[in-house]
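The sequence and structure are shown first.

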Amino acid sequence: MAFKLSVANEATKKTLISQSRRISSYFQPSESEYVSKAVYPPILDLSREARKERKIETIAQNITKLGTVEEKLVELNAPKYYGWWSLNLNERAISYNALPFTQFSTRTCLVNELPSIYNDVEAIALKSLPAVKDKLKDLILQEFEYVTQRTNRRGETKTTATEEDRCSRNFIPLLNRLLVNQLSLQNEDLKTTEIDCNPRLEAFWSCGGIEPDKILRKVREKNEKFLKGKVDDPIDRPIQYYGTPCLSMRHNKPLPQLLDRNSGLSVEGTVPSWNLDPRVMGYKYKHCRATNVPGFWPGTENQHGYMSILTRGYLKQREYQLTASDNQDALHVQAILHSFAWTLSQACYLGFGPYTELTYPISTQTIITDGQNYSLSAYQLNTCALYDKHSGPANPFRNVCYSTNEMKLYDIIENGEVKGFNDDLLKSLIKFYLIKPVEPQVNMRPYLSPELYISNVSDTERRKKVEEGFKHLFSNRPRHILKEEIYHWEKIYKIDHDTRPMEKKKRFFDIGGKAPGMKRMDEFNPRYVPKHMRNPPKKSRRGRLPVQPSIKL
Amino acid sequence: MSTRIYPAFKSGNPKLRVFLPDFWMKLVKPSHTLLPNQVQFVVSSQMTKLDVKQYLEKIYNLPVIHVSTYNRMGKTKTAPNRYVTKEQDEKIAFVTLEKDQKFTFPEIYGNNDILKEQDKAMKQTKEMYAQKTKVNISKQGVPTWFSH
């Protein structure tokens, strides 16, 4: 029905019409708006599993998208203010029969020999063997026969393990110096390697495919409506590794790859299956930060690992705490964990990480020794993203660890002589120092912006904020306000039995708040700034005019 | 090895002379999935890890590698008069044997059909009782035969 204007004056009628037309517009469908074939958004699977998987993938993508190394590392910590409730693995605390779990959690297949890459330097190694042998014999005599080692330092508890470690820590740098001096003519790259003594090595990753614990199972059983029949679905477990190798060497060029990433053992190697909670092995969970530190800070020039040498004093402790019967397995575990952690943390500095898959392999070499016994291993990291389904058959890659059994360099020292010297072992030791780093053929940092590190970012505010946050997080200091806990009496008299109904409800479990462990990193009260120092200063309400409308009429 | 008080010896009544040691171990069904070479026990709370190890090694000749223990708090209950009571605490021990050892908790009752039937019958009676009491919900405490 048309609307009739009942206006007497014709002029006012005209102006009114013109005004109403001013605010109306003629609908004109443009030609370009239509396409010949309709394109619809993808049909998504709305089941719980699919939604969950998509959620994890978006988290992984968000981390991958970030431009600098520090931002990626901080983002890993973002969901947890007090750190992840993660499995703590230590270089020197290895459980009994830990090999299957270690192989599963690092997705590593184990080969009990050294790779074929070392055959290429066989001739040079044989040539330089006699010269090295004499000097090494002298060194062994000096360290283990002539000099009385000062085994413990002030404040250090003296155990058999620390005693042996102290001896090894004196010997290993000397051994390294000898081999570098002798072999730097054959391998020029040794001259430019950088050496760290007792560096800090930490690595964090998330491992999927582990069965839920009792508490989670109980929660799922309660939520019967949505989780019927899915009570035992596997979950991810964050894992944090701490270690200190005795010595590590790094170079500005990466090591050559030990084997092809897309064929052979890298794809077909066997990894033992495992789904139990790792606590059955005697390992512990703890709230800790997700830290990836390969022994140096982001932006260092030489950031490709060449070799690391570890001590094995903990085996002495293990002998009476557990057993000496599986020491060989423990050495394999130590080699796998160290190599995985070191290569993973290096990968994090190259823009990859526990949620970003590698695009090329990273390799490293490891020696475990106490001066007399040696186990040599070479490791190639093919995959580092092991979250969710990537720890299972969905991931085509496996990491490969070539590790020898322990071998004796000499049998005994008698009357100032080293007896039963093992030439073969020394030869393989020399070969480790003769492998030459190669110039990379691929883009080493495909997931980083051209700035690479936060220190190169020109935006002052962002740079300052991220840098401060990163340094604070990676110092591993506890938060200023510690995590709230439920005291035992509260569990009994307030939660389990409501015996204090009249008490004021203040605690987080009284008021139905979030559990403190679930607090996100951005959920905190901002720092208190006195009123007079605020920018802009907070004005007193007294004498203030009523709010003026911003629209001008 | 015992702190218990025995009845005084009387000749002709040897039945009462039972040896009740302080150290005892009870093999229990594992509370969560363990490795095949692991066993769970409830032990007397005075026993230490070393005691558990010695007990199994010396008496049963088992190859024990590692023992870990923890004290589990007894369950708390609200008594009818609204005060909280607690059951005894107990010490739980997880024993790791050598790799090649395997232990599965035995089925004590086996596949006994009679027991299953008994369970079924008990369940039914419980359900029936629940239904009956539901009818009388407005007059609780009054016997079901009371019609007024």
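Helices H4(A) and H11(A) are roughly parallel to each other, because angles under 35 degrees count as such and theirs is about 15°. The model is a predicted one.

**Helix pair in chain A**
- H4 covers residues 99-106 of chain A and H11 covers residues 327-349, and their axes lie 9 Å apart.
- The crossing in which H4(A) passes H11(A) is left-handed.
- H4(A) contributes A:Leu99, A:Thr102, A:Gln103 and A:Thr106 to the contact, while H11(A) contributes A:Asp329, A:His332, A:Val333, A:Ile336, A:Leu337 and A:Phe340.
- By class, the residues of this helix contact are 5 nonpolar, 4 polar and 1 charged.

**Contact between chains A and B**
- Chain B puts 13 residues into the contact and chain A puts in 14 residues.
- On the chain B side, strands E3 (64-72) and E4 (76-78) are the elements that give two or more residues.
- E3(B) gives the most to that side, with 3 residues.
- The side of chain B that touches chain A holds 4 nonpolar, 8 polar and 1 charged residues.

**A:Tyr283**
- A:Tyr283 sits in the loop between helix H9 (265-268) and strand E7 (284-288) of chain A.
- A:Tyr283 is partly exposed, as 18 other C-beta atoms lie within 10 Å.
- Beyond its neighbours within four places in sequence, A:Tyr283 contacts A:Leu87, A:Asn88, A:Leu89, A:Ser95 and A:Pro278.
- A:Asn252 is 31 residues from A:Tyr283 in sequence, and the C-alpha to C-alpha distance is 36 Å.

Technical notes. Residues numbered from 1 in each chain as written. Chains lettered and ligands numbered in written order. Predicted model: local features only at pLDDT ≥ 70, side-chain atom pairs only at ≥ 80, totals over all residues. Contact = placed C-beta atoms within 7 Å. Helix = DSSP H or I, 4+ residues; strand = E, 2+ residues; numbered from the N terminus. Nonpolar A, V, L, I, M, F, W, Y, C, P; charged D, E, K, R; others polar. Buried ≥ 20, exposed ≤ 12 C-beta atoms within 10 Å, placed from the backbone. Axes fitted to C-alpha atoms, helices over the stretch in contact; angles between N-to-C directions. Parallel < 35°, antiparallel > 145°, perpendicular 65-115°, else oblique. Left-handed = near helix turned anticlockwise from the far one by under 90°.
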